[in-house]
Amino acid sequence: YRSLFENMNAGFVLFEVVQNEQGIPVDLIVIAANEGFGKTTGLKLKDSVGMYLTHVLPGIEKDEADWIGTYSKVALSGESIQFEQGSELLGVYYSISAFQAGPKQCAVTFVDITERKNAELDLIRMSRIMKNSQEIAHLGSFEYVAATQTTIWSEEEYRIYGLDTDGPSPEYSVMLEKCIHPDDAKLLHDTFMEAMQNQKVYELEHRIVRPDGSVRWVYDKAHPYFDENGNLLRYVGATLDTTERKRLQEELEMLNAELELKVKQRTAQLESANKELESFSYSISHDLRAPLRAIYGFSQILAGRHRASLDEEGKQYMDYIVESSIRMEQLINDLLNYSRLGRKTVEIRPVSLKKIIDAIYDDFKPQVDEIGGKLKVHDNPPVISADESLLRQIFSNLVGNAIKYRRPESVLSISISFETVPDGVLIKVSDNGIGIPAEHCEKIFNVFQRLHGEDKYPGTGIGLANVKKAVSMLGGTIYVESTVGQGSTFIMEFPNKNPESHE
Ligand code: ADP
């Protein structure tokens, strides 16, 4: 036996059955064994030959009866057996064969099959992971076999189609007829045929019909695989149930449409309220002018003709009335112009900013020179889509303010710069003037909002309100960044639908 089994790449042992007086097997004697047996059992071979199994394997109590029972049966009955033993916990697996090798003798071989078993287990594990993840993601998979024109489906694919997971793999033509929505069947077939002809990826979102009649949306994507001669072997792909996503998408689209409608309605309401307000302030300021003129006229007559009959206090009051009516006329005129601005028809066409700024430059240059200041316009003013007269008004107000709100202690410096941004153009008008406290930076754009008394800086507080209105009539936005005692930058952004090159 030694010569026969010494080099065997497996464990081998020959047992002889030990019986008691009643002939019942009680132990096994090791008659021969090879190195492999030593390895599988952890025994030193020279210590085991000639020994009772219960002595050489004292730790096998639990299995003892099985071993003795199993191998005695083989030794006595002559019936050979084969089985696999091992566990994931131990990490080893054996294929065991036992046969009768002589009277009352049983030969046993142990072949280590751990590697094969592990590969098998890995395969089982992988397919379990795939099955579970497909179930979780509602993602089925399929394979179209070109040779047989059949499709092989994963369990989840069956579930998506509402079919019994144990059912047969459906033939392509049967599937097309029975499972695909009749309105999409042709599209699917054409798309798939075209993909096959061009050896391309097949991709389609379509409807399916389940046996209970319910319709669902799915998204298919499959890649082709070829043999070495370029013949199509199969398409392997995945199917995603997109019903819920589609439903949400439709809901979202509906909500969006509703929202858009609401926004339109609100905007229309707002526009008409705005118009109403504008015509109200227009007629108010318009109608106020006549009585005001009367007050102004009569108070002037009074101040002229009857001044002598008034005492000092009376003369002072008279002067206040005349001054106040002049101021009021200014305010009313400004308000009237403000409401007129809103009624103006906006004529959007390409406007050369260079032309506008040049005109502004010419208008303000003498004043700036007289003060000893600088007005700097950066290179390349762009051409933008806008209304020329609104732009003029904007620049004129901003540059006028920059001059008015200068700091006497430093040399006035005004700069106008441009920047192209996605979908529009940024224009900045900066000065090194008195600046605006942060808490007032928003309200200065409202009608008649001023931060100073008339005596210090003349004005009515309508200029920036006009600027803001003009900017918004051009579809733009404006805000100011400022530091008190250092200067302000008015930043405007205009949409520029058809930007042209810089001049
Ligand atoms: P007005 O100049 O007639 O007061 P505006 O509407 O043009 O009216 O300006 C509103 C207020 O904003 C001004 O009273 C002033 O306090 C402030 N302001 C406007 N432009 C500037 C500027 N460039 N620097 C500092 N303050 C400014």
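Helices (H or I, at least four residues) and strands (E, at least two) are DSSP runs, numbered from the N terminus. This is a predicted model, where local features need pLDDT of at least 70, side-chain atom pairs count only at pLDDT 80 or more, and totals for chains, interfaces and linings use all residues. Residues are numbered from 1 along each chain as its sequence is written, and side-chain values use heavy atoms, with hydrogens and water left out.

**First stop: two helices**

Select residues 243-305, helix 10, and residues 312-343, helix 11. Their axes, lines fitted to C-alpha atoms over the stretch in contact, are 9 Å apart and meet at an angle of about 160°; angles run from 0 to 180 degrees between N-to-C directions. Helix 10 and helix 11 are therefore roughly antiparallel (over 145 degrees).

**Second stop: the largest pocket**

Now select Asn-401, Lys-404, Tyr-405, Arg-450 and Leu-464, which lie nearest the centre of the largest pocket among its 31 lining residues. On a 1 Å grid over the protein atoms alone, a pocket is an open set of points with protein on both sides within 12 Å along at least five of seven lines, and lining residues have an atom within 4 Å of a point.

**Last stop: the largest cavity**

Finally, show Phe-142, Thr-151, Met-175, Tyr-202 and Asp-220, the residues nearest the centre of the largest cavity, which is lined by 15 residues. In a cavity, a 1.4 Å probe fits but cannot get out. Colour strand 6 (139-145) and helix 9 (182-197) too, as they are among the elements giving two or more residues to this lining.

Terms used:
Angles under 35 degrees count as roughly parallel, over 145 as roughly antiparallel, 65 to 115 as roughly perpendicular and the rest as oblique.
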